[in-house]
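This report describes the overall fold of one protein chain and how its parts meet. Look at the structure first, then read on.

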There are 2 protein chains.
Amino acid sequence: MNPPLRFSKLGRQLAAGSGIGELMEDLGRALAEGGDVKMLGGGQPAHIPEIDALWRRRMEEILTSPGCLERVLGNYDPPRGNQRFIEALVGLLRREFGWPIGPEHVAITVGGQTAFFILFNLLAGEMPDGSRRQILLPLMPEYIGYANQGSCEGLFRGMRPRIDRTGEHSFKYGIDFDALEIDESIAAICVSRPTNPSGNVLTDEELSRLSTLAKVHGIPLVIDNAYGAPFPDVIFTGATPLWDEHVILTLSLSKLGLPGTRTGIVIGPPEITAAIAETGSVIGLANPNLGQEIVRPLLESGEILSLARETVRPYYQEKSRAAQGWVREAFADSFDYAVHASEGALFLWLWFPGLPIGSRELYERLKRRGVLVVPGDYFFYGLEEPEGLPHQAGGRADASPGGPWRHRQECLRMTFTMDPASVRAGIAAIADEVRSLSRV
Amino acid sequence: MNPPLRFSKLGRQLAAGSGIGELMEDLGRALAEGGDVKMLGGGQPAHIPEIDALWRRRMEEILTSPGCLERVLGNYDPPRGNQRFIEALVGLLRREFGWPIGPEHVAITVGGQTAFFILFNLLAGEMPDGSRRQILLPLMPEYIGYANQGSCEGLFRGMRPRIDRTGEHSFKYGIDFDALEIDESIAAICVSRPTNPSGNVLTDEELSRLSTLAKVHGIPLVIDNAYGAPFPDVIFTGATPLWDEHVILTLSLSKLGLPGTRTGIVIGPPEITAAIAETGSVIGLANPNLGQEIVRPLLESGEILSLARETVRPYYQEKSRAAQGWVREAFADSFDYAVHASEGALFLWLWFPGLPIGSRELYERLKRRGVLVVPGDYFFYGLEEPEGLPHQAGGRADASPGGPWRHRQECLRMTFTMDPASVRAGIAAIADEVRSLSRV
């Protein structure tokens, strides 16, 4: 067009170009084009044969059950979601965990990502009294997909983690409770569990402390269970699901293997789920039906729980174990590195202390080698420190509070869900690249 | 929770309770509960046997085509949409209309509603320079689903239509071009064609004038083809699809009969479609795949066009004709009424000049009679006049510019897509209710 189009403040904010957009474009293009790209970038779940077979069985049932296909394709559901699906879910959670919830505690969204877009902007940003409130992310690095969801800048306050080196080539993040300050400007606390990207799983004790803090301050605690309990349950350590009156849980069908259906679930205070249903209808009228219809009988029978525990979780745990083995083999002791404790989710989180380039440059170099990963610095946001790369700065990654923090430039996320040959070749390419950099 | 939750300004704006939310809740509840409710409220398309049979055939093909089901359910597509679907659509539009467009002119969204949420807020609202811009809706009444999509108040500037009484019991709206003023504060012009709710179809000449106006002022013209050309083509009068470099067209698979798949399509300047893809990824990561996969071969073969023209359009045209007949029969000459020219879409738009109650009160009374419609006043918004009901005011509906405008309280929208018995019984109930009011 001529003259050039003008975009609003909000439009610029949301369409500004985001990590998640770039990631999805790269991932989608690579998937579509095929070729020999090692796609270790996205959150694409694996095609687990038993799970794909189950979806096929359910689709055949939908096709043979009179009127079912026609309802799924051709009817609008209420914005809150399919009533039978919601009742099945509530029944499961009451039976399994004894949570005192009803259908009024649940709302369905067009995927988990949309649930967060609505939740964050519902609770934080500019308030009616002119003040501003933020979402506290107590354990950075945190999910890349949140970073650009604010309707205004500065929606997130991220906290540096404690970094515990647990072995020569291993480490684990922990919440720095001493540094955690909650005041009037905090609208909610949010964590993903397992954490995307690091694969960290907050301990029951950490979660309980966060919950108490939230309760004391009269704000919600949002727990993103996209990879978590009770399904898909990609958690390799023990972790008890938490529910309380001030807790907002999100679940998703994506990592069970149904990302193409876009089905997210929010369990929370009725005031919240009503607002989500209302906002969902304004933004998108209704939800896609298929994912709910495929999974509903598995909720009713409870099969979804055994499926998650006995099929999905072990499948990814084995994938993680294998990837860690290839990392040890390929990286050897030829440069300094540490792998975050792989306690859940679909990723290894690699740290290269002293990496002489930034993580985006590393990403570009790996892309040229035909390997897609995600540069680590995308996952560090909302931190009160300069975002620039301290190219010349030496020193310990976790040192110098207030100064530039090298650690955020020294990490990358790689997915271990792809076929073993790709994962192994991708790891070998990472090893080659980082080794060549260390030699300079 | 205790204390009560605090919602942000944007949160309040979007979750405030909207016409569309109420409509979808009523519709969904009634659909789920069954019973003897006449559901003449929603935009639920009919289940056309030939169309449902076609979806079934496509689903069977998806199940038997190796790897296809697994891709549809289990893979993320790029945010812009499925590449093959987009290419098939572009091919069709180039072949059929000769539009010089490529894949860069297309973006897929989670239903048409979401396309508008993104478009409106991308273009209008608070601008980077602190000014505010609005979306001009040149022909009210306009789609209820836009009304609450603004991230801030006052996103829309609606224009009163010309009202032409074309017969004793018929009328038609027209754009009042004399009153149309476009200045710097207008970000875009938007029309639905056919218009939801009135069933009005802007003439080619009206559309061409709007397009010229938009072009001259360097702003986009947005045309909502949810019911329009080239598919589902629920247009009973001639109407040529319009494309130009400053035109943004939206299409949807919903009214073809796939609302449960949530598939919207935007065709527009590459700058716009890129921003939509980017914003879509921030809000919702990716689109649902199923609708695109079902329809893609029908785009490639062109079958979708004959399907729309030869099956979908005649089906609804006959439904409209029948409903108009029942209205004439039931309303007789027992009170003053006029039906808007039914030129397209799935609704009759009824006007009761001098109705002694407001349209929401009429809605409630009809609900108590087991008939769901949509009160007309929801479709009048963004007008520069008091919104309250002038209970005591008499006078001509379209008189007194600047004063309270009775017309907006005197209309209702009823869907004619349901089974004939329900539509007929619903119309009889409306007749009874309005007749009883006229007697008072």
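## Overall fold and domains

Chain A contains twelve helices and 16 strands. Its radius of gyration is 22 Å, close to the 22 Å that the globule rule gives for 440 residues, so chain A is as compact as a globular protein of that length. The model is a predicted one. Along the principal axes, the C-alpha atoms of chain A fill a box of roughly 65 × 60 × 55 Å.

Of the 440 residues in chain A, 56% count as buried. Among contacts between residues at least 6 apart in sequence, 74% join residues at least 24 apart.

The domain assignment gives chain A a domain 1 and a domain 2. Domain 1 is made up of two segments, 9-48 and 307-439, while domain 2 covers 75-303. Taken over C-alpha atoms, the centres of domain 1 of chain A and domain 2 of chain A are 23 Å apart.

How many residues does each domain give to the contact? The table lists them.

| Domain of chain A | Residues in the contact |
|---|---|
| domain 1 | 42 residues |
| domain 2 | 47 residues |

On the side of domain 1 of chain A that touches domain 2 of chain A, the elements giving two or more residues are α1 (9-14), α2 (19-33), α10 (303-331), β12 (338-340) and β13 (347-351) of chain A. The largest share of this side, eight residues, comes from α10(A). By class, this side of domain 1 of chain A has 27 nonpolar, ten polar and five charged residues.

Methods:
Residues numbered from 1 in each chain as written. Chains lettered and ligands numbered in written order. Predicted model: local features only at pLDDT ≥ 70, side-chain atom pairs only at ≥ 80, totals over all residues. Helix = DSSP H or I, 4+ residues; strand = E, 2+ residues; numbered from the N terminus. Rg over C-alpha atoms; globule rule 2.2 N^0.38 Å. Buried ≥ 20, exposed ≤ 12 C-beta atoms within 10 Å, placed from the backbone. Contact = placed C-beta atoms within 7 Å. Domains from an automatic or database assignment. Nonpolar A, V, L, I, M, F, W, Y, C, P; charged D, E, K, R; others polar.
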